[in-house]
Amino acid sequence: MDGKVRVAVIGAGQIAQAAHLPNFKAHSNAELVAICDIVKERAQRTAIAYGIEHVYDDYRELLKRDDIDAVCISLPTNLHAEVAIAALNSGKHVLCEKPPARNAKEAQRMAEASESNSRLLMYALQWRYRADSKLARKLVEDGELGEIYYGRTACLRRRGAPLGWFASKEAGGGALLDVGVHLIDLAWWLMGNPEPMSASGATYTKIALEDLRPGGWQPADVKEGIKLYGEFEVEELATGMIRFANGATLSFEIAWMLNIKGESTLSLDIYGTRAGMHLPPLELYRDIGGYAATETLGIDPGNPYKAEVEHFIECILEGKKPLTDAWQGVTVMRMLDAIYRSARDCREAKLSK
Ligand SMILES: NC(=O)c1ccc[n+]([C@@H]2O[C@H](COP(=O)([O-])OP(=O)(O)OC[C@H]3O[C@@H](n4cnc5c(N)ncnc54)[C@H](O)[C@@H]3O)[C@@H](O)[C@H]2O)c1
């Protein structure tokens, strides 16, 4: 590998442009060698912008190259399993966008392919790569919070639904899969990765049926006017609770559209016997000398997309296990699956094995 990881990006849409391409390009130990998009003109434009030599519109052709060490998958969710497994089987390491897949079964097959081919599979759950999240996790590991028994997180937008494939059930859309995955993964990690047992959830599609206004974050086909909006088939709001084997619970509220005060809100709180913690910004709530103190830990979160790419390259070059690895992705998907099952059946759902 000569100390340099040769990288191909599959999917040249919004997240590839906003996060992966610039960060791989800027990394001194990475080289962007190939790009693929089914919209070939988009791939060609990207190749020119980033000085990428090889351009494809069929990922299978790209994977035949034996001079590629790693691929970054920034495709609609329904393609994650298919393309990641093909890439792992062709001997490439994989950085795959979130959510890991449409469901835990797909994520499990991806993890198995990673293991059987001895190739890394890392998920782009970039909230864990923020500096404030890392400090929060260190505080938890150092026992500053005591026993953690409750978490709650909310990520609510007044009107902020991505359309196009994000609104399609088959493609793996929905507010819980899109945004919920980040917050639930982060909260679970900050709670110390307790074993999830069951979930109780409810999902709603209400405003989308009457007042569908596109949010700022749209897939490339919608932005470029290539595809008209399809049917809105997924949930705009998911709420509920996850129970863990150690007795802890995590409650969540995730919405692309909800008639809240203001434009949007995002918060994550973790509660322990010795202190509580909030993100972002990172704050600690504990008693100091008999006073109920609030400590704001002023820390720059940094660029989590950059930190994520750096971690991926470091894991490949140094043979390390990624922080957001394949099997954690399976567990996260088991939680999301159980939430959807519970919402469908209107009762608490046990997690699948
Ligand atoms: N981590 C984050 O903050 C973040 C933000 C947005 C999106 N995402 C995730 O990134 C992934 C992509 O989302 P996006 O917003 O960039 O979507 P997008 O639609 O803008 O980009 C996807 C690209 O894949 C291309 N494509 C589709 N089918 C293909 C195929 N068979 N072969 C090759 N190319 C194909 C499309 O033409 C498009 O350019 C999704 O999993 C999404 O959840 C993550």
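Me: How many aromatic pairs does the count come to?

Reply: Happy to start there! Rings of Phe, Tyr and Trp (its six-membered ring) pair if their centres lie within 6.5 Å, and by this rule the count comes to four aromatic pairs. Bear in mind that this is a predicted model, where local features need pLDDT of at least 70, side-chain atom pairs count only at pLDDT 80 or more, and totals for chains, interfaces and linings use all residues. Residues are numbered from 1 along each chain as its sequence is written, and side-chain values use heavy atoms, with hydrogens and water left out.

Me: Is the pair of tyrosine 150 and tyrosine 271 stacked or edge-to-face?

Reply: Planes under 30 degrees apart count as stacked, over 60 as edge-to-face and the rest as tilted. Here the ring centres of tyrosine 150 and tyrosine 271 are 5.8 Å apart with planes at 15 degrees, so the pair is stacked. Tyrosine 150 lies in strand 7 (residues 148-157) and tyrosine 271 in strand 11 (residues 264-272), so the pair ties together parts 121 residues apart in sequence. Strands are DSSP runs of E, at least two residues, numbered from the N terminus.

Me: What about phenylalanine 232 and tryptophan 256, and are they buried or exposed?

Reply: Buried means under 20% relative accessible area, exposed over 50%, and partly exposed in between (1.4 Å probe, protein chains only). Phenylalanine 232 and tryptophan 256 are both buried. Their ring centres are 6.1 Å apart and their planes at 80 degrees, so this pair is edge-to-face. By contrast, tyrosine 150, at 27% relative accessibility, counts as partly exposed, and tyrosine 271, at 22%, also counts as partly exposed.

Note on methods: Helices (H or I, at least four residues) and strands (E, at least two) are DSSP runs, numbered from the N terminus.
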